[in-house]
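Subject: Structure for you to look at

Hello,

Here is the structure I said I would pass on. Please open it next to this email, and my notes follow below.

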Amino acid sequence: YKRQVSTQSTGQTENFKKAVLANKEEKKALTKTAYQRGLKYSREYRSAERKLITLRRQAKTNGNFYLEASPKIAVVTRIRGIAQVAPKQKKILQLLRLRQIFNTVIVKLNKPMHQMLRMVEPYIAYGYPSLATVRELVYKRGHLKVRGQRVKINDNKQIKDKFNNKDVVCVEDIVNQIYTAGKHFRTVTNGMWHYKVAPPKGGFKQKRRHFVEGGDYGNRETLINRFLARCI
């Protein structure tokens, strides 16, 4: 009987060692893939930026203005609390997953989304995020939704297991899908918890006035990046 128990424990130890080795090899391969994808995306971003600069220069040389492409995504932060919110606005904020103050989400822009944002404008600050802002949010404030739990992203294996998709296996894939509003944008954003940012360093000016009037709420366009830099 003792010999039988000893044989079983030896077999279990061997299996455990094999599993650890396989896990190590998988992580190593995943790290290599993540590095290659990061390089690929970096080249794509730089190429797109250079092309944009060239088009702007050509337009200026010919005495014209270059019409920029309309933004594909917006970052939305709730800046007011839950007191005295009308039922319709409350429902829209719930649909946007902005149930608490300083909750932040990234949404894809279309006509219905523009209308929703306009309706809840007094409660939110929003605008068009840069690549740096998206990357900061995902790396510093990114959490996955795993079986209803909020789980901090610690390694790429979590992402691979969560999405089970060959196009989304690392953090840079998530950043790329969000920033470019890629074909897996909805899958990625739904699979992630909303971002919880800190109150802005230096505080607010006037929450109850629109940004264009010297306040805080409403559409800041690209200036949202400065605001979020104080929050992340």
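Does I101 count as buried, partly exposed or exposed? At 33% relative accessibility, I101 counts as partly exposed, because that class covers values between the cut-offs of 20% and 50%. Please keep in mind that this is a predicted model, and the values here are computed from it.

I101 and its surroundings

I101 sits in the loop that runs between α2 and β2 (103–108). Once neighbours within four places in sequence are left aside, I101 is in contact with R78, I79, R80, G81 and K207. G63 is another matter: 38 residues separate I101 and G63 in sequence, and their C-alpha atoms are 46 Å apart in space.

Helix α2

Helix α2 covers residues 87–95, and Q89 is in it. Q89 has a relative accessible area of 18%, so it falls under the 20% cut-off and is buried. A polar atom of the Q89 side chain lies 3.5 Å from the backbone oxygen of M119. With neighbours within four places in sequence left aside, the contacts of Q89 are M119, V120 and Y123.

K90 is also in helix α2. K90 has a relative accessible area of 46% and is partly exposed. The C-alpha atoms of K90 and Y123 are 9.8 Å apart, and the two residues are 33 residues apart along the chain.

Helix α6 and residue E172

Helix α6 spans residues 171–179 and contains E172. How many of the nine residues of α6 are buried? The count is eight, and the helix is mostly covered. The buried residues are V171, E172, D173, I174, V175, N176, Q177 and I178. After α6 comes A181, which has a positive phi near 50°.

E172 is worth looking at by itself. Its relative accessibility is 11%, and E172 therefore counts as buried. Which residues does E172 touch, apart from neighbours within four places in sequence? They are G38, Y41, R135 and Y139. With Y139 there is also a polar contact between the two side chains, at 2.9 Å.

How α4 and α6 meet

Two packed helices are described by the angle between their axes and the distance between the axes. For helix α4 (residues 131–141) and α6, the axes come within 10 Å and cross at roughly 135°. Why are these two helices called oblique? Angles over 145 degrees count as roughly antiparallel and those from 65 to 115 as roughly perpendicular, so an angle of roughly 135° leaves α4 and α6 oblique to each other. The crossing of α4 past α6 is right-handed.

On the α4 side, the residues that meet α6 are L131, V134, R135, V138 and Y139. On the α6 side, they are V171, E172, I174, V175, I178 and Y179. Sorted by class, this contact has nine nonpolar residues, two charged residues and no polar ones. An α-helix has 3.6 residues a turn, so residues three or four places apart point the same way. You can check that spacing against the two lists.

Two loop residues with positive phi

Q84 is in the loop between β1 (73–78) and α2. Its phi is near 55°, which is a positive value in a residue other than glycine. Q84 has a relative accessible area of 76% and is exposed.

R147 is in the loop between β4 (143–146) and β5 (149–152). Like the previous case, R147 is not a glycine, and its phi is positive, at about 50°. The relative accessible area of R147 is 80%, so R147 is exposed, the cut-off for that class being over 50%.

Helix α1

Helix α1 runs over residues 2–61, and A19 lies in it. A19 is partly exposed, with a relative accessible area of 45%. Between A19 and P71 there are 46 Å in space, C-alpha to C-alpha, and the pair is 52 residues apart in sequence.

That is what I have for now.

Regards

How values were computed. Residues are numbered from 1 along each chain as its sequence is written. This is a predicted model: local features need pLDDT of at least 70, side-chain atom pairs count only at pLDDT 80 or more; totals for chains, interfaces and linings use all residues. Side-chain values use heavy atoms; hydrogens and water are left out. Helices (H or I, at least four residues) and strands (E, at least two) are DSSP runs, numbered from the N terminus. Buried means under 20% relative accessible area, exposed over 50%, partly exposed in between (1.4 Å probe, protein chains only). A polar contact is a pair of N or O atoms within 3.5 Å; within protein, one must be able to donate a hydrogen and the other to accept it, and residues adjacent in sequence count only if both atoms are side-chain atoms. Contact means heavy atoms within 4.5 Å. Axes are lines fitted to C-alpha atoms, for helices over the stretch in contact, and angles run from 0 to 180 degrees between N-to-C directions. Angles under 35 degrees count as roughly parallel, over 145 as roughly antiparallel, 65 to 115 as roughly perpendicular and the rest as oblique. A crossing is left-handed if the near helix is turned anticlockwise from the far one by less than a right angle, and right-handed if clockwise. Ala, Val, Leu, Ile, Met, Phe, Trp, Tyr, Cys and Pro count as nonpolar, Asp, Glu, Lys and Arg as charged, and the others, Gly among them, as polar.
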